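The sequence and structure come first.

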Amino acid sequence: MEIKERVPEILRDNVLLTTVDGLFKWARSNSLWPLTSGLSCCAIEMMCAAAARFDLSRFGYEVFRPSPRQADLFIVAGTLTWKMAPPLKRLYEQMPNPKYVIAMGSCANEGGPFADAYSVVPGVDKIIPVDVYIPGCPPRPEALIEGMLKLKEKIRHPELIQKVE
Amino acid sequence: MQGGLLVILTDKLFYGINYLSGNEFISQLIMVIVQIMAIFAVISLAAIIQVYMERRICGFIQDRLGPNRVGPWGLLQTVADMIKLMGKEDIIPVKAQRILWGITPMLLFIPAALIYAVFPFDDGAVFVDLNVGIFFVMAVMSQSVLMFLLGGFASENKYSFMGAMRAVAQMLSSEIPMAFAVLAVVMVSGSLKMTDIVAAQSNMWFIAVEPLAFIIFTISILMEINRTPFDLVEGESEIIAGPFTEYSGMRWALFFLAEYANLLSAAILTVTLFLGGWHGPVLPGILWFLIKVFLVIFLFMWIRWTYPRTRIDQMMALSWKVLLPLALFNIAATGIGIYIYNWM
Ligand code: SF4
C-alpha cells in the first residue's frame with residue numbers, strides 16, 4: 001500500500017508495476033543464498049546454524065553457494081585482517097546485484113577484541129557496505145538466524161529503513 | 001489401436017482442435033506444438049518439484065526439517081528461488097568469449113529436452129517411436145558433455161576449464177559401462193525400440209532377469225548425470241562450481257534446470273529399461289509410470305545424501321576396472337543364458 005502512495009497520481013492504476021516489485025521482494029527475501037566463506041571462529045557458529053539443531057534451511061537460506069556469482073548474501077563471519085581485505089572486497093564485487101552483507105560477530109562489526117591491533121580492520125563497513133550487524137563474540141546460531149530474518153524484513157520494507165535514516 | 005489414459009486424452013484434444021479449426025493439417029501442426037510445449041512444461045515443473053523434494057529429503061536424512069516456511073510446507077520455496085534468479089544481475093566476465101559463453105546454457109537444454117522424444121510414458125504415448133530408440137538415447141545423452149566443455153572453455157577461468165575437462169573424462173568413462181549394461185537388456189528383449197523393450201517386460205521386469213546390469217547401469221548413470229557420489233564436475237570443495245563458476249542469475253538457472261531434467265530422464269530410463277515402464281496392475285499406466293519414476297528419483301537422492309564425494313581417480317578406477325569388466329562378463333553370461341533358454 002505504501003509503495004502505491006509513492007507512485008505519481010497518473011501511474012496509480014499501474015497495479016502490475018507494484019505487484020512485480022512486491023513479487024521480487026518476496027522472492028529475494030525468501031531465498032538468500034549465502035556465499036561459502038568464513039574468516040575465523042564465527043564461521044564455526046555459522047556452520048552450526050545450518051546443521052541439525054538450528055536448521056537454517058527452514059527459511060530456505062541453507063543453499064551455501066561456492067561461487068560468488070550465484071550468491072546473494074555475504075556473511076562476514078570472523079576477524080578481517082588488512083591482508084585479507086582486498087580478496088574480501090573482490091569477492092563482494094564479484095557477486096551479482098542485488099547483494100547483501102551481514103557482519104557477524106564483534107570482530108566484523110568493529111574489530112572486537114582485536115580492535116587496537118595494527119593488522120585488524122576495525123569493522124568490515126570500512127571496506128564494504130553492511131546491511132545487518134549481529135553483535136556477540138561469537139553470536140549464537142539463533143542470533144545469526146535472527147539477523148537473517150531482520151535482513152528479510154529489510155528487503156521486504158526498504159522504505160522503513162530509509163525513513164529511519 | 002488400444003492406448004492408455006494419456007493417448008485417450010491426446011486424441012480427445014486433437015478432435016477438439018480439429019473441430020474448432022476445421023483443417024486436418026493445421027490441427028496436426030497445433031498438436032505438434034502442444035506436444036513440444038508439454039515436454040518443456042514437464043521439464044520445468046519436474047525441476048521445481050525435484051528441487052523441493054531434494055531439499056526436504058536432504059533435511060530428513062540429516063535429521064533436519066528442510067524448507068517449511070515459504071508457502072504451505074515450504075512448497076513455494078523453489079518458486080521463490082526461481083523468481084529471485086530471474087531478477088539477478090547478469091554478469092558477463094570481460095575475458096569470456098561472449099557468444100560461446102552466452103549460448104552454452106541454451107545449447108545444454110537441447111539434448112536434455114530432445115531425449116524425451118523417445119520415452120514411452122504410457123501405452124502408446126511416445127512422441128516418436130524410433131526403431132533405434134535406446135541408441136538414440138545414448139547418442140543424445142552424450143551430447144551434453146560438449147556443452148559442459150564449451151561453457152568451461154568459454155569462461156576463461158581456471159576452475160571452469162578444469163571442471164570442463166573433468167566432465168569430459170567422467171562422461172566418457174561412464175558411458176561405456178552404461179552402454180554395455182544396456183546391451184544386455186537389448187539382447188534379452190531383442191529390440192532397440194523403447195516400446196518393444198517395455199512390452200517385453202509385461203510379465204517379468206528386467207531387474208529380475210538382469211540384476212547385475214541394473215546395478216552397473218545405476219552406478220554409471222549417476223556418473224553420467226553428475227550426482228554425488230560422482231559430482232566431481234562441480235566438486236565444490238575443489239573447483240568451486242566447475243564449468244558453472246562464472247554463470248550468474250538466469251543463465252545459471254538454465255544449467256540448474258538442465259541438471260534436473262537429466263535427473264528425470266535418468267530415472268525414466270531406469271524405469272523403462274529395468275522396472276517395466278508403465279506396466280502395473282489395476283492403476284492406469286501413466287500413474288504407475290510416475291510412481292516408479294519418483295521412487296527411482298528418491299533412490300538417487302537417498303544415494304546422494306548418504307555417500308560422500310569420491311575422488312576423480314577412484315571414480316575412473318571404478319568405471320574402467322570394475323564396471324566395464326563386469327558389464328562384459330554380464331553380456332557373455334546373458335548370451336549363454338539366452339542360448340540355453342532357446343535350446344531347452
Ligand atoms: S567475534 Fe569473537 S568469535 Fe567472532 S571471530 Fe571475533 S573473536 Fe572470534
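Q: Which element of chain B has the lowest mean pLDDT, and which the highest?
A: The model is predicted, and chain B averages a pLDDT of 85, with 99% of the residues scoring at least 70. Among the elements of chain B, the lowest mean, 77, belongs to helix α1 (residues 5-21) of chain B. The highest, 90, belongs to helix α10 (residues 211-224) of chain B.

Q: How is helix α2 of chain B oriented relative to helix α12 of chain B: roughly parallel or roughly perpendicular?
A: Helix α2 (residues 24-61) and helix α12 (residues 249-274) of chain B have axes 9 Å apart and pack at an angle of about 90 degrees. Angles of 65 to 115 degrees count as roughly perpendicular. Therefore α2(B) is, relative to α12(B), roughly perpendicular.

Q: How many charged residues does the contact of α2(B) with α12(B) have?
A: On the α2(B) side, the contact residues include B:Gln50 and B:Glu54; on the α12(B) side, they include B:Phe256 and B:Tyr260. By class, the contact has eleven nonpolar residues and one polar residue, and the number of charged residues is one.

Q: How many nonpolar residues does the contact of α10(B) with α12(B) have?
A: These helices pack at about 170 degrees with axes 11 Å apart, which means α10(B) is roughly antiparallel to α12(B). B:Ala213, B:Phe214, B:Phe217 and B:Ile221 of α10(B) meet B:Ala266, B:Leu269, B:Thr270, B:Leu273 and B:Phe274 of α12(B). The contact has no charged residues and one polar residue; the nonpolar residues number eight.

Key:
Residues numbered from 1 in each chain as written. Chains lettered and ligands numbered in written order. Predicted model: local features only at pLDDT ≥ 70, side-chain atom pairs only at ≥ 80, totals over all residues. Heavy atoms only, no water. Axes fitted to C-alpha atoms, helices over the stretch in contact; angles between N-to-C directions. Helix = DSSP H or I, 4+ residues; strand = E, 2+ residues; numbered from the N terminus. Parallel < 35°, antiparallel > 145°, perpendicular 65-115°, else oblique. Contact = heavy atoms within 4.5 Å. Nonpolar A, V, L, I, M, F, W, Y, C, P; charged D, E, K, R; others polar. pLDDT = per-residue confidence, 0-100.
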